Amino acid sequence: MAMSSEKEVFLKEFGEDYGYRNSSRNIDQIRAMEFKRLEGVVYLDHAGATLHSESQLEAVLKELNSTVYGNPHSQSSCSMSSNDCVQKARQQVLEFFNASPREYSCIFTSGATAALKLVGETFPWCSESSFMYTMENHNSVLGIREYLCFYQQHAMNSIISHIWPYISAFSSCAFSLSKAKTLA
Ligand SMILES: Cc1ncc(COP(=O)(O)O)c(C=O)c1O
C-alpha cells in the first residue's frame, strides 16, 4: 500500500523515534497483524482504555477453554487457580514498575475513578498535607481535593470544640467584669 504524503512528511521529521524501530515488529506491523479491526479508524485513547490485541484474545480464549477458574476467595482447586492467576498478575505489575512487594501493594480496581477514590479515602491526610495537581485534569483527580477539604474541616471543627470552653469562659468572665463595672 502506498504511503500517504502526510506520513512521509511525518517520518522525515520523526522517523528516528517512531514506532518501536528496534523491536522485532514495528508499530505498523503490529497494527496490521494485531489490530486489523482498526482499519479506517483513528483511536487515540490507549492511555485511558487500551485495546486488546488479537493474540491476547486468542491466548485468553485458550486459557479459559482449558482451565476452570472459580471464585478467587475460596479454597477449592478451581478457586486456587484463580487466586494464583491474580497473585501472578500482581507480581508482574510490581516487577514492571520495579516496585518492591515489601514496600508496595498492587490493588486491582474497576477503573481509574475507583482507584483515585481509594487513594483519597486511605491517604493519611494530616494538617500539613497539600494536594497538588495540574490545571488541566480529569474530574476524578480533582475529586481528591474533597477528601483534603473534608479532613481540614474536621481538623478545624476539632480545634474549635477544643478551645471553645476557654473562649466561652473568657467571654462570660469579661461580661461579668463589665457588668460589675457598670453597677459600681
Ligand atoms: C485521570 C483519569 N481518571 C479517570 C478516568 C476515567 O476512567 P474510568 O472510567 O476507568 O474511571 C480517566 C480516563 O481517561 C482518567 O484519565
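How many C-beta neighbours does Cys 78 have inside 10 Å, and is Cys 78 buried, partly exposed or exposed? The count is 14, so Cys 78 is partly exposed. A residue needs 20 or more such neighbours to be buried, and one with 12 or fewer is exposed. The count for Cys 78 therefore falls in between. The model examined here is predicted.

Cys 78 belongs to helix H4, which covers residues 77-96. Its contacts beyond four places in sequence are with Val 68, Tyr 69 and Gly 70. Thr 67 is eleven residues from Cys 78 along the chain. The C-alpha atoms of Cys 78 and Thr 67 are 8.3 Å apart.

The overall fold is helical. The protein has seven helices and zero strands. Its elements follow the order α-α-α-α-α-α-α along the sequence. Of the 184 residues in the protein, 1% are buried. Contacts were also sorted by separation in sequence. Of those between residues at least 6 apart, 21% join residues at least 24 apart.

Confidence was examined for the whole protein and by element. The mean pLDDT of the protein is 86. A value of 70 or more is reached by 83% of the residues. Among the elements, H3 has the highest mean pLDDT, at 97. Helix H7, residues 144-183, has the lowest, at 66.

Helix H3 spans residues 54-66 and contains 13 residues. From its first C-alpha to its last, H3 reaches 18 Å. This is close to the 18 Å expected at 1.5 Å a residue. H3 is hardly covered.

The surroundings of the ligand were considered next. Eight names make up the list: Gly 48, Gly 111, Ala 112, Thr 113, Leu 116, His 138, Ser 140 and Val 141 surround the ligand. By class, five residues of this shell are polar and three are nonpolar. No charged residue is present in the shell. Two helices, H5 (112-122) and H6 (139-142), each supply at least two residues of the shell. The largest share comes from H5, with three residues.

The loop between H4 and H5 holds Thr 109. Thr 109 has 12 C-beta neighbours inside 10 Å, so this residue counts as exposed. Beyond its neighbours within four places in sequence, Thr 109 contacts Ala 114, Ala 115 and Leu 118.

Asn 98 also lies in the loop between H4 and H5. Its phi is positive, at about 55°, although Asn 98 is not a glycine. Asn 98 is exposed because 7 other C-beta atoms lie within 10 Å.

Tyr 20 is another non-glycine residue with a positive phi, here about 50°. Tyr 20 sits in the loop between helix H1 (5-14) and helix H2 (27-34). Within 10 Å of Tyr 20 there are 12 other C-beta atoms, so Tyr 20 is exposed.

Note on methods. Residues are numbered from 1 along each chain as its sequence is written. This is a predicted model: local features need pLDDT of at least 70, side-chain atom pairs count only at pLDDT 80 or more; totals for chains, interfaces and linings use all residues. Helices (H or I, at least four residues) and strands (E, at least two) are DSSP runs, numbered from the N terminus. Two residues are in contact if their C-beta atoms, placed from the backbone, lie within 7 Å. A residue is near a molecule or strand if its C-beta atom, placed from the backbone, lies within 6 Å of it. Ala, Val, Leu, Ile, Met, Phe, Trp, Tyr, Cys and Pro count as nonpolar, Asp, Glu, Lys and Arg as charged, and the others, Gly among them, as polar. The expected span of a helix is 1.5 Å times one less than its number of residues. pLDDT is the predictor's confidence in each residue, from 0 to 100.
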